Amino acid sequence: MTEEIANHYRQILLALGEDPEREGLRDTPKRAAKAMQFLNRGYVQSLEEIVNGAVFESETDEMVLVKDIELYSMCEHHLLPFIGKCHIAYLPSGRVLGLSKFARIVDMFARRMQIQENLTRQIAEAVQQVTDARGVAVVVEAKHLCMMMRGVEKQNSSMTSSVMLGAFRDNPSTRQEFLTLVNGR
Ligand SMILES: Nc1nc2c(ncn2[C@@H]2O[C@H](COP(=O)(O)OP(=O)(O)OP(=O)(O)O)[C@@H](O)[C@H]2O)c(=O)[nH]1
Ligand SMILES: [Zn+2]
C-alpha cells in the first residue's frame, strides 16, 4: 500500500514539472506516502482498541473537563492540515474514562480526512458511547491551512465548533459552567 501511494506521489511530482529522480526528491514519494498513512491511521483504529477497558467505576457526578488537547487533522476538501485544540467535558453517571483516552479518541478521529464539524461530533459521540455520561460537550478551535496558505489567505482566522449532548444541550446552566471553565484560561 505504501508503494502504491508512493507511485501516485511520483506522478504528482512529474505533473508538477518536477524530476522525481533528482537527488533531493528520490526518496520523497515513499516518505510522503508514509507521512500520509500516518496522518490517516485513524481509519485502522477502533474505539474498543484505544479505550482498552480503561473505564472505571466512580461515584462522582460532577463535571470533568479535559482542556487544550492538541489536534492535527486533514481538511477533506484540500488535503491540507488543520491544527488546533479540543476541549472535552462530560458528566459521569457511575463511570469515568482514563484521562489519556480522551486524547486517543481525539487522535483517532483527527487522523482521518475531515471537516471540523464532523470531527467535533464524532469525538462527542464516542465519549458518550464509552462513558454513558449524562452529558458530553466538545469544543474544537482550529486554524485551517487551506484558508491560510491558499484560497482566501487569512492568516489569523480560526474556526470554533461545538457539540453539546444530553445535559449540556438541555440545561443552560450546565452549558454555561462548561463555557466558563473552557474560556477561563
Ligand atoms: N465548514 C467547513 N468548511 C471547511 C472546512 N475545511 C475547509 N472548508 C471549506 O470548504 C470549502 C470548499 O469550497 P470550494 O469552493 O468547493 O473550494 P475552493 O474553491 O478551494 O474554495 P476556497 O477555499 O474558497 O478557495 C471552502 O469554503 C473551505 O474554506 C471545515 O472543516 N469545515
Ligand atoms: Zn480545506
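1. The chain falls into domain 1 (2–39) and domain 2 (53–183), with bounds taken from an automatic or database domain assignment. The C-alpha centres of domain 1 and domain 2 lie 33 Å apart. Please keep in mind that this is a predicted model, where local features need pLDDT of at least 70, side-chain atom pairs count only at pLDDT 80 or more, and totals for chains, interfaces and linings use all residues. Residues are numbered from 1 along each chain as its sequence is written, while chains are lettered from A and ligands numbered from 1 in the order in which they are written.

2. Now to the helix pair. Helix α1 (residues 2–15) and helix α2 (residues 28–39) have axes that come within 8 Å and cross at roughly 120 degrees. Helices here are DSSP runs (H or I, at least four residues), as are strands (E, at least two), numbered from the N terminus. Axes are lines fitted to C-alpha atoms, for helices over the stretch in contact, and angles run from 0 to 180 degrees between N-to-C directions.

3. On the α1 side, the contact is made by Thr-2, Ile-5, Ala-6, Tyr-9, Arg-10 and Leu-13; α2 brings Pro-29, Lys-30, Ala-32, Ala-33, Lys-34, Met-36 and Gln-37. Contact means C-beta atoms, placed from the backbone, within 7 Å.

4. A site to look at: the UniProt annotation "binding site", from an unreviewed entry, covers Cys-75, His-78 and Cys-146. Such annotations may be inferred rather than shown by experiment; positions follow the numbering used here, and feature names are shortened. The three span 72 residues in sequence, yet no two of their C-alpha atoms are more than 7.6 Å apart, so they gather at one spot. Cys-75 itself sits in strand β2 (residues 64–75).

Terms used:
Contact = placed C-beta atoms within 7 Å.
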